[in-house]
Amino acid sequence: MQGELLTIREAAQRLGLKEKTLRRWVGLRRIEYIKAGERAVRISSAEIDRLIESGRVLRIADRSPKTL
């Protein structure tokens, strides 16, 4: 895990999610995180980038109609 360490709030803002959603993902271990204390959690910016990339849906190339 590399990159800047973000708080839940910062990571949620980057993803456009509510903090509650990100906290739920941490609880479900859907996202990698670092325990920075008894209650403090940090998420790597590289993990945020991974989440964004894994959710990317590629567009279908423009297709012209086949001529018969």
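In the hairpin formed by strands S2 and S3, 5 residues lie between the strands, and Gly37 takes a positive phi near 155 degrees there. Helices (H or I, at least four residues) and strands (E, at least two) are DSSP runs, numbered from the N terminus. This is a predicted model, in which local features need pLDDT of at least 70, side-chain atom pairs count only at pLDDT 80 or more, and totals for chains, interfaces and linings use all residues. Residues are numbered from 1 along each chain as its sequence is written, and side-chain values use heavy atoms, with hydrogens and water left out.

**The sheet**

- An open sheet of 3 strands is arranged in the order S1-S3-S2 with antiparallel pairing, where two strands pair if DSSP finds at least two bridges between them.
- Strand S1 (5-6) and strand S2 (34-35) stand at the edges with a single partner strand each, so one side of each has no neighbour in the sheet.
- S1 and strand S3 (residues 41-44) run antiparallel and are joined by 2 bridges, with Leu5 partnered by Ser44 of S3 and Leu6 partnered by Ile43 of S3.
- S2 and S3 also run antiparallel and are joined by 2 bridges, and Ile34 stands opposite Arg42 in S3.

**Helix H2**

- The buried residues of helix H2 (residues 19-27) are Thr21, Leu22, Trp25 and Val26, where buried means under 20% relative accessible area, exposed over 50%, and partly exposed in between (1.4 Å probe, protein chains only).
- These residues lie on the same side of H2, because they cover an arc of only 140 degrees around the axis, the arc being that of the directions from the helix axis to the C-beta atoms.
- The exposed residues Lys20 and Gly27 are carried by the face of H2 that is turned away from its buried side.
- Helix H1 (8-15), S3 and H3 are what the buried residues of H2 pack against.

**Helix H3**

- The buried residues of H3 are Ser45, Glu47, Ile48 and Leu51.
- Seen down the axis of H3, these buried residues fall within an arc of 160 degrees, so they line one face of the helix.
- The cover over the buried residues of H3 includes S1, H1, H2 and S3.

**The loop between H2 and S2**

- Arg29 has its place in the loop between H2 and S2, and although Arg29 is not a glycine, its phi is positive, at about 55 degrees.
- With a relative accessibility of 68%, Arg29 counts as exposed.
- Ile31 lies in the loop between H2 and S2, but Ile31 is buried, with a relative accessible area of 2%.
- When its neighbours within four places in sequence are left aside, Ile31 is in contact (heavy atoms within 4.5 Å) with Leu22, Trp25, Val26, Ile43, Glu47, Ile48 and Leu51.
- Ile31 and Arg50 are 19 residues apart in sequence, while their C-alpha atoms are 9.6 Å apart in space.

**A charge over a ring**

- The charged end of Arg30 sits over the ring of Trp25, 4.2 Å from its centre, a description that applies if NZ of Lys or CZ of Arg is within 6 Å of the ring centre and within 35 degrees of the ring normal.
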